[in-house]
Amino acid sequence: MKKLLLCLFANLSLATLLATSVAAAEPAAPAKAADAAIRAAIAKKFPEMKIDEVRASPMKDIYEVQMGGEIAYISGDGKFLIAGDMYEIDSRTNLTENGRQKGRLQALAKLDEKDMIVFKPAKVRHTITVFTDVECGYCRKLHSEIAQLNDRGVQVRYLAYPRAGPGTEDWAKMEAVWCSMDRKKAITDAKAGKAVKAAQCATPVAKQFQLGEKLGVRGTPAIFTDTGEYIGGYLAPDQMVSRLEGKE
């Protein structure tokens, strides 16, 4: 989705060198007329774009359009679209990232933990939701430190994201993991390079992979925090906790 927006609207994109922040007031709901005009304009010109939500932005007559993990801005009459991040100058707040985080949290909240592989500590202080691949080196490294993360109160919830895509050996391995009676053992074995065998079953692998695509996952491990922040890669346990607690 991001590539699509950049290709379609490169000449309209906003540029800024301001630092980012993640604290901002939530935009109000748009008037029904503006909402309808925006949805109709995008449906007519760009039917491949699926709108999740339209929200008023802090700028007059400019609306924030949520499409999966991506955000665009469009005028109330549906005639002008801007692809890029919006910043509040005084506070140096990245308002667009706030919208992305909200969209990620909404999407992840719809998932059922029974479809995940969850490593839960005795006392949960933070939760990370991780799109993982059994063939990924840094995914294996993160998994080898699950106990350390749990000791620090970090709950790890795995979602499947076989990077090689459908119909590949990687995909089949992850389906075998999700079809196993003991998924925790199966994913530990698979990440250690051991063969995992399980009878075929209906799995959430395809659904989770599609969600990863929608949220803009670009590689694994793709880590989403309990505030909706996207961490695109491995962090050591102490680094992870510092990030989760806003110290880094």
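1. Basis of the values. Because this is a predicted model, local features need pLDDT of at least 70 and side-chain atom pairs count only at pLDDT 80 or more, whereas totals for chains, interfaces and linings use all residues. Residues are numbered from 1 along each chain as its sequence is written, and side-chain values use heavy atoms, with hydrogens and water left out.

2. Overall make-up. The secondary structure of the chain comes to nine helices and eleven strands, where helices (H or I, at least four residues) and strands (E, at least two) are DSSP runs numbered from the N terminus. Of the 248 residues, 48% count as buried; buried means under 20% relative accessible area, exposed over 50%, and partly exposed in between, with a 1.4 Å probe and protein chains only. Among contacts (heavy atoms within 4.5 Å) with a separation of 6 or more, 68% come from residues 24 or more positions apart.

3. The disulfide. A search of the whole structure finds one disulfide, the term being used for a pair of cysteine sulfur atoms within 2.5 Å. The bond is formed by Cys179 and Cys201, with their sulfur atoms 2.0 Å apart, and the torsion about the S-S bond is about -100°, so the disulfide is left-handed. Cys179 lies in helix 6 (residues 169-179) and Cys201 in the loop between helix 7 (183-191) and helix 8 (205-214), so the pair ties together parts that are 22 residues apart in sequence. Cys179 is buried at a relative accessible area of 15%, while Cys201, at 38%, is partly exposed.

4. Two further cysteines. Cys136 counts as buried at 3% relative accessibility, and Cys139 is likewise buried, with a relative accessible area of 1%.

5. Surroundings of Thr132. Thr132 is found in strand 8 (residues 126-132) and counts as buried at 0% relative accessibility. Its side chain is joined to that of Lys191 by a polar contact of 2.6 Å; a polar contact is a pair of N or O atoms within 3.5 Å, of which, within protein, one must be able to donate a hydrogen and the other to accept it, and residues adjacent in sequence count only if both atoms are side-chain atoms. Leaving aside neighbours within four places in sequence, the residues in contact with Thr132 include Cys139, Tyr158, Met174, Ile187, Lys191 and Thr220.

6. Helix 7 and its partners. The buried residues of helix 7 are Ala186, Ile187, Asp189, Ala190 and Lys191, and they pack against strand 7 (117-119), strand 8, helix 4, strand 9 (154-160) and helix 6. At the start of helix 7, a side-chain oxygen of Asp182 reaches to within 3.3 Å of the backbone nitrogen of Lys184, and the helix is followed by Gly193, whose phi is positive, near 85°.

7. Helix 4 against helix 7. Helix 4 (residues 137-144) and helix 7 pack at an angle of about 130°, with their axes 10 Å apart; axes are lines fitted to C-alpha atoms, for helices over the stretch in contact, and angles run from 0 to 180 degrees between N-to-C directions. The two helices are therefore oblique to each other, given that angles under 35 degrees count as roughly parallel, over 145 as roughly antiparallel, 65 to 115 as roughly perpendicular and the rest as oblique. Cys139, Arg140 and His143 in helix 4 meet Ile187, Thr188, Ala190 and Lys191 in helix 7.

8. Helix 6 against helix 8. Helix 6 and helix 8 pack at an angle of about 120°, with their axes 10 Å apart, and that makes helix 6 oblique to helix 8. Trp171, Met174, Glu175 and Trp178 in helix 6 meet Val205, Ala206, Gln208 and Phe209 in helix 8.

9. Backbone values to check by eye. Most residues other than glycine have a negative phi, and most peptide bonds are trans. The peptide bond from Thr220 to Pro221 is cis, with omega near -5°, and Pro221 lies in the loop between helix 8 and strand 10 (222-224). Asp61 has a positive phi near 65° in the loop between strand 1 (53-56) and strand 2 (62-67), and is partly exposed at 44% relative accessibility. Arg92 has a positive phi of about 60° in the loop between strand 5 (87-88) and strand 6 (93-94), and is partly exposed with a relative accessible area of 47%.
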